[in-house]
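Dear colleague,

Please find below the structure that I am handing over to you. My findings follow directly after it.

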Amino acid sequence: MTELRSVDRYAELRDQRLAARLAAEDSAEAAGLDPFERLTCRTHRHWLHQCIGSAAHVVVVTGHRWCRACERPATVVVDELAGAVRLFCPSCGRFPDSPANRQVVRACVRSLAAARGG
Ligand SMILES: [Zn+2]
Ligand SMILES: [Zn+2]
């Protein structure tokens with residue numbers, strides 16, 4: 001029953017690879033996958049790199065997309081052509097180096113690759 005619901009939830013998405021990945025990651029997350037390791041976003045129903053700019057992806061407590069020095073959200077720039085992802089703080093201009101922010105960049109790079117069929 002749970003599985004049927006999760007399939008229905010993404011049935012209307014045009015990108016079938018995205019829909020399948022969303023459903024698979026929902027199940028994996030329920031089984032213990034770190035939600036920050038996901039390549040798809042349950043909230044926005046997108047590949048992570050497509051919605052990482054949303055305020056919902058700033059998590060102050062864990063430090064994801066957050067500059068602790070400036071106490072400000074960090075910006076993520078995604079270059080789809082180059083497959084490159086850059087995260088920086090608009091206040092100090094630096095990469096706010098932390099395990100959480102490295103995880104954001106890593107997940108976005110993998111999301112880009114997965115969306116292309118990698
Ligand atoms: Zn999202
Ligand atoms: Zn900063």
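Predicted model: local features only at pLDDT ≥ 70, side-chain atom pairs only at ≥ 80, totals over all residues.

The donors in question are Cys41 (SG), His44 (ND1), Cys51 (SG) and His57 (NE2), which lie 2.0 to 2.3 Å from the zinc ion (ligand 1). The angles among these four donor atoms run from 102 to 113 degrees, and the site is tetrahedral. For orientation, the ideal angle for four tetrahedral donors is 109.5 degrees.

Is each of them buried or exposed? Histidine 57 counts as buried, because its relative accessibility of 15% falls under the 20% limit. Histidine 44, with a relative accessible area of 26%, is partly exposed.

The zinc ion (ligand 2) is coordinated by the SG atoms of Cys67, Cys70, Cys89 and Cys92, at 2.3 to 2.4 Å. The spacing of these donor residues in sequence is C-x2-C-x18-C-x2-C. Here, too, a pair links distant parts of the chain: cysteine 67 belongs to strand 3 (residues 66–67), while cysteine 89 lies 22 residues apart from it, in the loop between strand 6 (84–88) and helix 4 (99–115). Cysteine 67 and cysteine 89 are both buried. This site is also tetrahedral, with angles of 104 to 116 degrees among the four donor atoms of the zinc ion (ligand 2).

With kind regards

Conventions:
Residues numbered from 1 in each chain as written. Chains lettered and ligands numbered in written order. Heavy atoms only, no water. Donors = N, O, S within 2.8 Å, 3.2 Å for Na, K, Ca; no water. Tetrahedral: all angles 85-135°; square planar, octahedral: opposite > 155°, others 65-115°. Helix = DSSP H or I, 4+ residues; strand = E, 2+ residues; numbered from the N terminus. Buried < 20%, exposed > 50% of the residue type's maximum accessible area, 1.4 Å probe, protein only.
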